[in-house]
Structure formats: C-alpha cells, structure tokens
Amino acid sequence: MRITCPVCGERSVAEFAYEGDATLPRPALDASAEDWCVAVYERENPRGPHAEYWQHAQGCRSWLKVERDTLTHAILGVTLLGRFSGRTGE
Amino acid sequence: MAEYSVFSLIANALTGNRSWKPAWRAATPKPRYDVIIVGGGGHGLATAYYLAKEHGITDVAVLEKGYVGGGNVGRNTTIVRSNYLLPANSHFYEWSMKLWEGLSHDLNYNVMFSQRGVLNLAHSPAQMDAYARRGNAMRLAGIDAELMTREDVARFVPDLDVSPDARFPVHGGLLQPRGGTARHDAVAWGFARGADRRGVDIIENCEVIGFLRDGTGRITGVETTRGEIGAGKVGVAVAGSTSQVLSLAGIQHLPIESHVLQAFVSEPLKPLLDTVVTFGAGHLYISQSDKGGLVFGGDIDGYNSYAQRGNLPIVEDVASLLLTMFPSYGRLRLLRSWGGIMDMSMDGSPIITTGPLPGMYLNSGWCYGGFKATPASGWCFAWTIARDAPHDLNAAFTLDRFHSGAVIDERGAGPVPWHH
Ligand SMILES: Cc1cc2nc3c(=O)[nH]c(=O)nc-3n(C[C@H](O)[C@H](O)[C@H](O)COP(=O)(O)OP(=O)(O)OC[C@H]3O[C@@H](n4cnc5c(N)ncnc54)[C@H](O)[C@@H]3O)c2cc1C
Ligand SMILES: [Zn+2]
C-alpha cells in the first residue's frame, strides 16, 4: 500500500500512522455520555470504501483524511487537514 | 460413524486406508431448526458441539459460507495460553485451558494439543516487575506461572540470543508451562465430527444473506444462498465478518473493527524449537509445528481491512524481530505467508452475549487471540443460547459494557482496537 501525501508525494504506508475512523463527528464537549459512547466505541466498520485519518508521521507530519477501500486496499483519495490545507490541498 | 481407536487405525492400514468414511455428513438444510449457528469456524462448531453434549439440544445447524476450516480457525498460529491479568479474562481462558487438556479424549479426535510452554521474554527490569505481578495474579487465580531469570531462559531456549550486547538484551521471562499449541485444522474437524455425531447438521457453502423476523421484530430464521431456514434461536459466530452479518439485521454500528493479521511459516526443519517464545520489546511469537515448519507472526497491520492479505512493512518487521531473537534462523527460507481478518473489539476482550436482537445471540470480539478460546467460547455460548442467560464465566463479556463503563481493557490501550 502506498499513500500520496499532498505535501510529500507518493510514499510507502510504513511512513504513515493510522489514526482511525474519520466518519464520526466529534461530539460537543457538553454532549451527553451516550453521545460520547457512540463516538468513542461504535463503528460502522464497512467492507469497501472507508474514510479514515492517517498522519504522515515519518514525513511532513501532516494529518490526512484518506478514502480507502478496506477490501482491496486501493487508495481512492487523500485530503490535507489542518491550517495548511488551503495552500496545497485538493 | 465409528470411534477412532488404535484398532481402527490398524484395520484401515491393513486394507490400504481405503475404507475411511468422511468425518461428517454433507447435510442439506431442513426447513427449520431449534438453533442455527451462523459461521462454521472453531467457535461456531464448538458451540454446536456443546449445545448437543451439555444441553441435549441436537436440532442444530451450523451454516458456513465457505468450507469448514477456511476462516481464521485454519489460519492462526495455534498458540494456546491462559496468562491473563484481569479476573474476567483469566477465569475464562483458564476454563478454556482445562477443556483443551481433555479435548482429544472428549472429541475422540487427536487435536495434537502440546503443552510445550509459552515463554514471554522480558527486556528490562520494569518488564520483569510487570511479569512478576502478572505471574502472581495468575497463581492467585490457580493458574501456573514461573518467573525465569536470564540464565533460566538461556537453558530453556538454547538458540535464543541472550547476550548482553543484543539490541534488547533479555533480562528474563514469564513461563506458563501448561501453555502450548494445538493443530488448528484438527480442532475444526474434531468439533465438526463431534457435533455431527450428535445429530448437528453442518452445512457448508451456505452463506447467510439476510435475517427473517416476525411482527415483533424477533429473529425467526435466516435467508441463505440455499434458501430460507427457520429457527427458534440464531447464534452468530462469524469472527471478522461480524459487522457485515449484523448489518443484514439492521445493526449498523458495533464496538468492533476488522483488521488484518499476517502469519508466516518456514520450510520444514528437524526439531529445533520445543516451546513457544514471544519477544517482549516488540511483538513476535514463534513455535515449531509438528510438520517442522517454524510458525510465527507479529502485530496486526494496523488499519481496517477485509483483504485477507497484508502489506510488506509487517513482513519486514516480523523478519527483523525474528533475527533479533534467533540470529541463527537467518539462513532459513520462508515457505508461505497469509492473512486473516480479526474482529478487534474496542477493549480487546470478547463478546459472548444474548441479543442484540430478540432471538439472536452474539459471539465476537476475538481479536487475534481467539483460537485458544475456542473450547470455552463454544461452551459459554452454548450455555448462553440454551439458557437465555450468560454463564458466570462470560457474564462480563457483554455488548453494553462499552456504554456502562465496565470495559475489560487487558492491555490498557484504550478504545484503539489496532493497539490491542
Ligand atoms: C494469522 C492469524 C494468527 C492467529 N494466531 C492466533 C494464536 O496464535 N492464538 C490464538 O488464540 N488465536 C490466534 N488467532 C485468532 C483466531 O484464529 C481467531 O480469533 C478465531 O479463529 C476466530 O474464531 P473462529 O475460529 O470461529 O473464526 P473463523 O474460522 O474465521 O470462523 C468464522 C466463519 O464464519 C463464516 N462466515 C462469515 N460470514 C458468513 C455468512 N454470512 N454466512 C455464513 N458463514 C459466514 C466464515 O466463512 C468463517 O468460516 C490468529 C488469527 C490469525 C488470522
Ligand atoms: Zn507528507
């Protein structure tokens, strides 16, 4: 598996750290315990396209949102997150 | 089907081994069963076996989408141990160990359970302290554990690099002498044969593609690639496919992620390693199979996957850890590698429970340690299905523990399933 970092270009998956499911909105700080339980523990776990967070930990350290197929491992799209995203993203 | 015995072995040998019968019938689905088990892996087959044996419930079908043994039960590295720290886990896994100790006789099938010991290496004084604590907790729970010095380890595993200039010098280890390995296929086949002999229908090439429900929402059967089948109760034990199968019943979210774990086997060798050793400064576990291959594995790849194959970084990681431990293995050739899909739960512990829908029962969350659990998992799941309530041994393995806060996080890794 290779991921194309919008900043650094195409790199081996070994340079990236997986940071989990990106489909779940983060509840407000004062949201109910039940809302937090759902966000922390409940997963759709799809077999196919999946939105997830990765960090280019051994490269530019940017946080990325990656569309990836969990059945074929094909990378379908990569978006830069955070304050620099407007400059190089999409 | 006849008992296997030394006489049947001799009789069949004298007649050219041409009279052996298949170990279980190729059953065709009936319109209805008292209990349907979805998934013909180790856990599903063990559940059917114990339903019949312990509870007298024999109107049972096990529905398997592929063939018996094609899932994780036939893909794992076969390590069996009960060296857990938290009470819920240690009692459950120790019950499994006790069932393993009598399993070949119980099933009249040689599952080649070999109590060759499982040794966890420690690489720092702090790790030795942690192992002392774990060993004490195990002994208090009636489980065997021995703390080993570096010299003990060197004597126990002669090929291991225990030199002070190793990258992560070995300080000692924790041994569970009753731990070991079992022949994974034999476990699946033995439970399948044992269940079949008690009247259970094992139906292969039969994928569940939907659930039947009555007006109240109760599960009343399943829709399969071989037609509809009614059932009084439906137990689901499909390991890495849990989210997929439950989504067929409208359950879209579970505290489970599916991840890929790889395993490796070397070319066959003469006897070289007579125990199971695990590296403590990284993650690697290794043993030698009865066919002679060194069987080993490491971490899961670490991202959601249904691919049943992993990527090269883990291959490199596992190979380098192996050579760190056993420099002399550097000249061996790798025969094969493969992957299986793990049902990683959010706290690393299993789920064996009634529900989540009326008429349904769930067995899941095995992460990469579910092979050793096979007998106790089937035993507890059968109890839960037969009595509509969990046994004490699985009462903590609920689905709602994630909402009540009673998680069982053996590793202390938090809700990050790829770190368990
Ligand atoms: C590489 C690897 C190494 C491992 N090493 C160890 C180890 O050393 N020690 C240990 O204790 N554990 C180990 N494990 C974990 C262990 O193998 C699993 O936790 C355990 O086998 C899972 O339970 P099972 O046997 O019932 O799963 P499986 O054998 O996967 O059974 C599930 C079955 O459900 C079937 N199924 C899925 N969907 C459907 C459907 N819709 N309809 C009908 N059937 C369906 C599948 O085809 C499959 O046969 C390892 C796993 C892997 C992959
Ligand atoms: Zn980058």
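**A zinc site and a ligand shell**

Hi everyone, let me start with one residue: at 0% relative accessibility, Gly190(B) counts as buried (under 20% relative accessible area is buried, over 50% exposed and in between partly exposed, with a 1.4 Å probe and protein chains only). This is a predicted model, so local features need pLDDT of at least 70 and side-chain atom pairs pLDDT 80 or more, while totals for chains, interfaces and linings use all residues. Residues are numbered from 1 along each chain as its sequence is written, chains are lettered from A and ligands numbered from 1 in written order, and side-chain values use heavy atoms, without hydrogens or water.

Back to Gly190(B), which sits in helix H6 of chain B, residues 184–197 (helices, H or I, are DSSP runs of at least four residues, strands, E, of at least two, numbered from the N terminus). Glu3(B) is 187 residues away from Gly190(B) in sequence, yet their C-alpha atoms are 12 Å apart.

Now to chain A. Two helices and six strands make up its secondary structure, in the order β-β-β-α-β-β-β-α. Its C-alpha trace spans about 40 × 30 × 20 Å along the principal axes, and 37% of its 90 residues count as buried.

Which atoms coordinate the zinc ion (ligand 2)? They are SG of Cys5(A), Cys8(A) and Cys60(A), plus ND1 of His56(A), at 2.0 to 2.4 Å (donors are N, O and S atoms within 2.8 Å of the metal, or 3.2 Å for Na, K and Ca; water is not among the atoms, so sites may look incomplete). Along the chain, the donors of this zinc ion are spaced C-x2-C-x47-H-x3-C. Cys8(A) belongs to the loop between strands E1 (2–5) and E2 (9–12) of chain A, and Cys60(A) to the loop between E4 (49–55) and E5 (63–69), so the pair ties together parts 52 residues apart in sequence.

For reference, the ideal angle for four tetrahedral donors is 109.5 degrees. Both Cys8(A), at 26% relative accessibility, and Cys60(A), at 29%, count as partly exposed.

One more stop in chain A: Arg43(A), in the loop between helix H1 (33–41) and E4, is buried at 9% relative accessibility.

Finally, ligand 1. It is surrounded by 36 residues, and Glu64(B), Asn72(B), Val73(B), Thr77(B) and Lys372(B) are the closest (each residue has a heavy atom within 4 Å). A nitrogen of ligand 1 is 3.1 Å from a polar backbone atom of Lys65(B), a nitrogen is 2.9 Å from one of Val208(B), and an oxygen is 2.7 Å from one of Lys372(B). The protein covers 95% of the 1000 Å² of accessible area that ligand 1 has on its own (Shrake-Rupley, 1.4 Å probe). Helix H2 (42–55) and strands E12 (256–266) and E16 (334–345) of chain B each give two or more residues to the shell around ligand 1; the largest share, three residues, comes from E12(B). Thanks, everyone!

How values were computed: Polar contact = N/O pair within 3.5 Å; in protein donor to acceptor, adjacent residues only side chain to side chain.
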